[in-house]
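Hi everyone, thanks for making time for this. I'd like to walk you through one structure today, so let's get it up on the screen.

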Amino acid sequence: MPLIAFLAPDEEMLATARTTLAKAHPDILLEQGLLSAGVRKARTLAREGVEIVITRGGTAAAINEAGLGLTVVEVPITGLDMIRALEEARRFGRRIAVIAFPPMIMGIDCLGPILDIDLKCYPIHSEFKAEANVIKAFREGAEVIIGGVIAMQVCRRHKRPCVMISSGSEGIIQATLEAKRIAEARRLEKVKSTLFQTVLHYAYEGIISIDQDRQVVTFNPEAERITRIDGKRAIGRKIQDTLPQLKLERLLTTGKDELGQIIDVGKVQILCNKVPIQVQGTTIGAVATFQDTGKIQQWEANIRKKIYAEEHT
């Protein structure tokens, strides 16, 4: 399953996306769904492994509000898209009403004087408010409406003139490139995370880290072995409630390294190094690395034996 899906609100935009993306971006999954239907489609896509959805207007807002865990990239309405729609609408008259979700019509007001038209905006925040705004716009003297799919559907039911604000290939390509940048950034982040987790898992030292709230965020297997503490239970707890003898939270205040400390942890002595984690001079956490002193002594004895054997051969 592709990671990125393009969710078009209607057949026209789906056809435009298919033509625009066919050659350069064949890996983008193309689907159709408007507003609540778009949310249902997005929910299905999320279950199937899609991570990023490209769509526009109210459908984008509805998917974000649904909390599906998807990243939504909105197809921008370009100035060229607006001018195309307004020029077509002028065939019906100079008094033009714009009925659409706020992201679609941002900044359109400035085009009225430029194109010598009487332009009035009626933003909608729900698909169920479109009809009331259409009726109000014509009652207040509008000769034609421009807007998104939902406004067009209402106008057609009332047999009123309307013009779609269509997304051109420019906006579709722009949104697609942005979605791919996000996907690549996530891929690189996953690679880094996998490498980091591998190092933590196979390190010969215990590693524990905390965030600026003193909560444990890292507790590797060697730390579990040495301390006899379940790392999964430790993560998310305050360090002073888990290993108070480490005094790791102290570094959040001092911002100073504490190296070569011998600390008793239960029946075990550890040799511990503690350093603050700093970003642009601000301490955002701290990390402790440690080893069982008994194991260090064993390694030291083995090294001495090897050196002694080599000197006498």
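**Salt bridges, a sheet and a helix**

R225 and E222 sit three residues apart in helix α10, residues 221–227, which puts about one helical turn between them. Their side chains form a salt bridge, with the closest N and O atoms 2.9 Å apart. Before I go further, please keep in mind that this is a predicted model.

How many salt bridges does the structure hold? There are 18, and I'll show you a few of them.

Let's go to helix α9, residues 169–202. R187 and E184 both lie in this helix, three residues apart, or about one turn. Their side chains meet in a salt bridge, at 2.9 Å from N to O. Here R187 is partly exposed, with 44% relative accessibility, and E184 is also partly exposed, at 35%.

Next, please find R233 and D230. Their side chains meet in a salt bridge as well, with an N to O distance of 3.9 Å. That value falls inside the 4 Å limit for a salt bridge. R233 is exposed, at 66% relative accessible area, while D230 is partly exposed, at 36%.

Some residues are linked in a network of salt bridges: E51, R186 and K190.

Now for the sheet. In which order do the four strands of the open sheet come? The order is β6-β5-β7-β8, and the pairing is parallel. At the edges stand β6 (118–121) and β8 (162–164); each has a single partner strand, so one side of each is left without a neighbour in the sheet. From one strand to the next, the twist averages 25°.

Let's zoom in on one pair. Strand β5, residues 95–99, runs parallel to strand β7, residues 144–147, and four bridges join them. If you want a place to look, A97 stands opposite I145 in β7.

Last stop: helix α2, residues 35–47. This helix has 13 residues and reaches 19 Å from its first C-alpha to its last, close to the 18 Å expected at 1.5 Å a residue. Which residues of α2 are buried? They are L35, G38, V39, A42 and L45. These residues cover an arc of only 120° around the axis, and therefore lie on the same side of α2. Turn to the other side of α2 and you'll see R40 and R47, which are exposed.

And what covers the buried residues of α2? The cover includes two strands, β1 (4–8) and β2 (29–32). It also includes two helices, α3 (57–66) and α8 (149–157).

How values were computed
Residues numbered from 1 in each chain as written. Predicted model: local features only at pLDDT ≥ 70, side-chain atom pairs only at ≥ 80, totals over all residues. Heavy atoms only, no water. Buried < 20%, exposed > 50% of the residue type's maximum accessible area, 1.4 Å probe, protein only. Pairing = 2+ DSSP bridges. Axes fitted to C-alpha atoms, helices over the stretch in contact; angles between N-to-C directions. Expected span 1.5 Å × (residues − 1). Arc of directions from axis to C-beta. Contact = heavy atoms within 4.5 Å.
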